[in-house]
Amino acid sequence: MVEELVAAGVTLASAGVVYVMAAARVVKQYERGVVFRLGRLRPEVRGPGLTMIVPFVDKLRKVNMQIVTMPVPGQEGITRDNVTVRVDAVVYFKVIGPAEAVVRVEDYRFAVAQMAQTSLRSIIGKSELDDLLSDREKLNQGLELMIDSPAVEWGVSIDRVEIKDVSLPETMKRSMARQAEADRERRARVINADGELQASKKLAEAAQQMADTPAALQLRLLQTVVAVAAEKNSTLVLPFPVELLRFLEKAQQPVQQSVPQPVQQSVPQSPPVTQQPVQEQLPSTAPRLDVSPRGANSGQD
């Protein structure tokens, strides 16, 4: 009898241990448990720690309450000013209603991802290129509102949305580079013109001051000569006032007029001497040689 009681006790204890092992569940600190009893949702949500359910009757589903970082794939679209861009973003969200996240949507992660992609394409079509490049904070807020509106019904709260990168075509990049270069060149010319204007005003004041004291102009000339000579150049250029050159030119004109011109005297020319050819005459007494044939025959005779 005792043995039977012991065996029954051991059996009951074993069954109790098996029941406890089957009914015990551990929920982590960053999770919440949603219980379904015979397919019906229980109103209470199980908190972190050890919790018990009815084996083979209840089903516990754990929901992560941490902030989820979900990258949004790059979406191509045409802006309001007809520029084709590719924009990618990142969404930060968390579950605030575990029961709604399990019951109202099949997969809340997939739903949030699709909603983020659709909202991003819509934002691209409503915005201009300059807004995408410079006013991202405003676009982030608008994108967050567009995603958060339907996500609240799913028990999901959008914590933050950020646009990571905006990819532009190469032709648009070159056009923007030319625009930036032209704008910088314009600013450089304006600054240069402003500097020239200020320098001209200062030079006018300096010229007026030097007009009152002519020695200052000579001192400035000597300073310029010293500055040029310090560069160890082989050629030294000295500036001369135009008035000084005009004064020297006027001073030379009376001297040229007072110089007497040389007098040219005419010398009579003798008549030209004609040369006649001289003919040499041989003396009449000069002997002649007879070379005729008769002479030759006479000689033989």
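This is a predicted model: local features need pLDDT of at least 70, side-chain atom pairs count only at pLDDT 80 or more; totals for chains, interfaces and linings use all residues.

Entry 1: I picked helix H3, which has 19 residues and reaches 27 Å from its first C-alpha to its last, close to the 27 Å expected at 1.5 Å a residue. The expected span here is 1.5 Å times one less than the number of residues. Helices (H or I, at least four residues) and strands (E, at least two) are DSSP runs, numbered from the N terminus.

Residues are numbered from 1 along each chain as its sequence is written, and side-chain values use heavy atoms, with hydrogens and water left out.

**Entry 2: the inside of H3.** Which residues of H3 are buried? I found Tyr 108, Ala 111, Val 112, Ala 113, Ala 116, Gln 117, Ser 119, Leu 120, Ile 123 and Ile 124. Buried means under 20% relative accessible area, exposed over 50%, and partly exposed in between (1.4 Å probe, protein chains only). A reminder from class: an α-helix has 3.6 residues a turn, so residues three or four places apart point the same way. I then checked what the buried residues of H3 pack against, and got strand E5 (58-64), E6, E7, H2, H5 and E8.

**Entry 3: the sheet under the helices.** H3 (residues 108-126) lies across E6, E7 and E8, and runs at about 35° to E6. Helix H5 (residues 136-151) lies across E7 and E8, at about 140° to E8. For such angles, axes are lines fitted to C-alpha atoms, for helices over the stretch in contact, and the angles run from 0 to 180 degrees between N-to-C directions.

The sheet itself is open, with 3 strands in the order E6-E7-E8 and antiparallel pairing. Its edge strands are E6 (68-78) and E8 (156-167), each pairing on one side only. Neighbouring strands are turned by 25° against each other on average, direction ignored. Two strands pair if DSSP finds at least two bridges between them.

How many bridges join E7 and E8? I got 10, with E7 covering residues 84-95. Along this pair, Asp 88 stands opposite Asp 165 in E8. E6 and E7 pair over 9 bridges, also in the antiparallel sense, and Met 70 has Val 91 in E7 as its bridge partner. The hairpin of E6 and E7 has 5 residues between the strands, and Asn 82 there takes a positive phi near 60°.

**Entry 4: the core.** A nonpolar core is a set of buried Ala, Val, Leu, Ile, Met, Phe, Trp, Tyr and Cys residues joined through side-chain atoms within 4.5 Å. The largest one has 37 residues, and those with the most contacts inside it are Val 85, Val 87, Val 91, Phe 93, Tyr 108 and Ile 158. Among the elements giving two or more residues to this core are strand E2 (31-37), helix H2 (98-103) and helix H4 (129-134). Which element gives the most? That is H3, with 8 residues.

Leaving aside its neighbours within four places in sequence, Val 85 is in contact (heavy atoms within 4.5 Å) with residues including Ile 124, Leu 129, Leu 132 and Val 166.

**Entry 5: the other sheet.** Another open sheet has 3 strands in the order E3-E2-E5, with antiparallel pairing. E3 (40-46) and E5 are its edge strands, each pairing on one side only. The twist averages 25° from one strand to the next. E2 and E5 run antiparallel and are joined by 7 bridges; Arg 32 stands opposite Val 63 in E5.

Entry 6: Most residues other than glycine have a negative phi. Leu 38, in the loop between E2 and E3, has a positive phi of about 55°, and counts as exposed at 68% relative accessibility. Phe 56 has a positive phi of about 65° and sits in the loop between strand E4 (49-52) and E5. Phe 56 is exposed, with a relative accessible area of 86%.
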